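Me: I have just opened this entry and would like a short walk through it. Could we begin with the contacts between chains?

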Amino acid sequence: MSHIPLSAKLGSNTVIENDVSIGENVVIGHNTVILQGTKIGDNVTIGCNCVLGIKPSINKRMRKISNSTRQLVIEANTRIGHVVSIYSGTQIGKHVFIGDHASIRENVTIEEGSVVGRAAIVELNSKIGKFCTIQTLAYVTGDTILEDNVFIGPCVSMSNDKYMGAEEYSLKGPHIKKGAKIGNNASLLPAVIIGVNTIVGAGSVVTKNIGDNVVVAGVPAKELTSS
Amino acid sequence: MSHIPLSAKLGSNTVIENDVSIGENVVIGHNTVILQGTKIGDNVTIGCNCVLGIKPSINKRMRKISNSTRQLVIEANTRIGHVVSIYSGTQIGKHVFIGDHASIRENVTIEEGSVVGRAAIVELNSKIGKFCTIQTLAYVTGDTILEDNVFIGPCVSMSNDKYMGAEEYSLKGPHIKKGAKIGNNASLLPAVIIGVNTIVGAGSVVTKNIGDNVVVAGVPAKELTSS
Amino acid sequence: MSHIPLSAKLGSNTVIENDVSIGENVVIGHNTVILQGTKIGDNVTIGCNCVLGIKPSINKRMRKISNSTRQLVIEANTRIGHVVSIYSGTQIGKHVFIGDHASIRENVTIEEGSVVGRAAIVELNSKIGKFCTIQTLAYVTGDTILEDNVFIGPCVSMSNDKYMGAEEYSLKGPHIKKGAKIGNNASLLPAVIIGVNTIVGAGSVVTKNIGDNVVVAGVPAKELTSS
C-alpha cells in the first residue's frame, strides 16, 4: 500500500500503485498513473494523463540497463505537465519544470531549476545540470552531458551512434559545456564537445568539437567570430 | 455542474469538470478530460485520452500570462484527435482538424478550416488564419502569425528568442503571409517575415525577411527564382 | 463482447471495446483503450494510456482512405510502449517494438523485428520491412517504403507532397532500399529513392535519387565517397 497524505489532491481515475511515496501538498491530475516505487516530494504538481515511474523494458535490439529497479525521484516544488512519461531510476531536482508530452528515460539526472520543454525527449543515462533550458521538441540523446545554464533551442537534434547501428560501439552523446546555446533545429553528431558559452546557429550541423566562447553556424558548422 | 445534452456520446472514464458547456451531437472519447470552463460547439468530435482546457501555470523561468482565466472555445464541426492537449484562453474555429498528440497553448486563435497535424505544437499567443495547414511534428513558436492559406511542412522549426534566454527581449515569432509555403524541416529565425505566396525549400534556414512571390532555399536561404 | 483470456493482465481503468481479440499472456497497462476490431497476439505487452485501433476519420482537406474498416493486427511477442496511438487497418509483425508517444496511421505494415522509436510517427500507407530501426522523433511520411534493415536516425524528416497542397498530385514518399542509413535530422524530399547500403549524413537535404553504396552529405546532399 502507498500512504497518501491528507494534503494530497488526487484527480479522478488516478492509479497509484504500491510502494509510492507522496509528500505534502502534492497535486495529481485526472487519469494519471504513478507506478510502483515512485517518490514524489512536497508541493509537486503533476498534470493529467501522465505515466510516471515506468520500468525499462529490455529488447534485444536495445541497450542493456545496468540497474532497472531504482526509483523515480521527483524533488520538492517541481511541476510536471500533462501527458508526460518518465522512467524509474531517474532523479529530478527541485523547482524543475517538465512540459506537456515530454518523455524522460531511465538513469537520467535533471538538476535544480531546469526546464524540459513540451514534447522534448531526454534519453537514458543523460545528465542535465542546473538552470538548463531544453526547448520544445528538442531531442537529447542517450549518454549526453549538459552542464549548468545550457540552452537547447526548439527541435535541436542529437545522436550518439557513430555507426548507426552497424558496429559494436560505445554510444556517446554530445557534451555541452556551461552556458552554451544551441539554436533551433541544429544537429549535433555523436560525442561532439561544445565549449563554454559557445553559440551554435539555428539549423547548423556540428560535426566536430568546438572551443569556448565562439559562434559557429552552417553545414558543417564553421566559426563566425571569436569573442 | 456541467449540463451534458442527451445527444452527447461520452466514452468510458471521461472526466467533465464543472462549468463545461457542451453543444449538440458532441462525441468525447474514452479517458478524455475536459477541464473547467471549456466550451464545446455542436457536432464537435474529440478522441480518447485528451486533456482540454488546461490552465496555464506560471514558472519563474517562463513568460507571464496576461489573462489566464479565459475559456477554451471549440467551435462547431471541429474534430480533435487522440492524446491532444489544449490550453484555456484559446479559440478554435469551425471545421478545424487537430491531429493526434498535438498540443496547443493558451491565447491562440485558429481560424475556420485550418489543420494542425499530428504531434504539431502551437505555442502561446499565436494567430493561425483560415485554411492553413500545419503538418506533422511542425513547431509554431509563440507570438507567430500565420495569415490565411499558409502551408507549414512536416517538422518545420521556428524560434522567437533572438538571444536564447540571455537578455531581456520582446519575444517575437515569424510572420508568414498569405499563401506562403514552408518546406519540411526548414528553420525560421525569430521575427522573420515571409512574403505572400513565397516558397521556402525543405531544410532551408531562413535568417532574414523574404519578399512576396519568391522561391528560396539553402543555408542560409537565398532566392532561387522570382515569379 | 470481447473474450479476454484468464492469462491476460489488465491494468486499472482499461477500456476494451467489443470485437477485440486478445491472445494468451497479454499485458495491457492502466488507462489504455483498445477499440473495436483490434486483434492482439500472444505475449504482446502494451503500456499505459494508449489508444489502439483508431478508425480513420475523413476530413475534406485530407486524403480519402480506400478501406477504413479493417482491423489493427498486432502479432505475437510485440511490445507497445506508453501513450501510443495506432490506427485500424494496420499490421504489426512479430517481435516489433513501438516506443512511447509513437503514432502509427492506418494501412501501414511493419514487419518482424523492427523498432519504431519514442515519439516517432509513421503515416498512412507506408511499408516498413524487417529489422528496420526508426529512431526517436523521426517522421515517416505517407506512402513511404523502407526495405529491410534500414536505419532512420533521430528527427529525420520526410515529405510526400511536391506541391505542398497546391495542386492535384499523387502523393509519394521516399523509397529507401535495403540497409540504407539516414543520419539524424536529415530531410528527404518527396519520392526520392535512396540506394542499397547508402549512407546519408546528419542534417543533409536529399533532393534527388541516390544510387547504391554511396555516402552523401550537405545541403543539397552530394556524394562524398564511393565504396
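Reply: Across the interface of chain B and chain A, the rule finds 1 salt bridge, a salt bridge being a side-chain nitrogen of Lys or Arg within 4 Å of a carboxyl oxygen of Asp or Glu. This is a predicted model, in which local features need pLDDT of at least 70, side-chain atom pairs count only at pLDDT 80 or more, and totals for chains, interfaces and linings use all residues. Residues are numbered from 1 along each chain as its sequence is written, chains are lettered from A and ligands numbered from 1 in the order in which they are written, and side-chain values use heavy atoms, with hydrogens and water left out.

Me: Which side chains meet in that salt bridge?
Reply: They are those of B:Glu123 and A:Arg118, at 3.7 Å from N to O.

Me: And which strands of chain B give two or more residues to the side that touches chain A?
Reply: They are strands E8 (51–54), E11 (85–87), E23 (157–158) and E26 (187–188) of chain B; strands are DSSP runs of E with at least two residues, numbered from the N terminus.

Me: What area do chain B and chain A bury between them?
Reply: About 2,800 Å², with 59% of it on carbon and sulfur atoms. Buried area is the accessible area (1.4 Å probe) that two parts lose on being put together, summed over both.

Me: What does B:Arg118 form with chain C?
Reply: B:Arg118 forms a salt bridge with C:Glu123, and their closest N and O atoms are 3.7 Å apart.

Me: How can chain B be laid on chain C?
Reply: A turn of 120° and a shift of 0.0 Å along the axis do this, with an RMSD of 0.0 Å; copies are superposed by least squares on the C-alpha atoms of residues with pLDDT of at least 70 in both. The two copies are thus related as by a three-fold rotation axis.

Me: Changing topic, what do the 9 strands of chain B form?
Reply: They form an open sheet with parallel pairing, in the order E3-E6-E9-E12-E15-E18-E21-E24-E27. Two strands pair if DSSP finds at least two bridges between them.

Me: Which strands stand at the edges?
Reply: Strand E3 (21–22) and strand E27 (193–194) of chain B do; each has a single partner strand, so one side of each is left without a neighbour in the sheet.

Methods
Helices (H or I, at least four residues) and strands (E, at least two) are DSSP runs, numbered from the N terminus.
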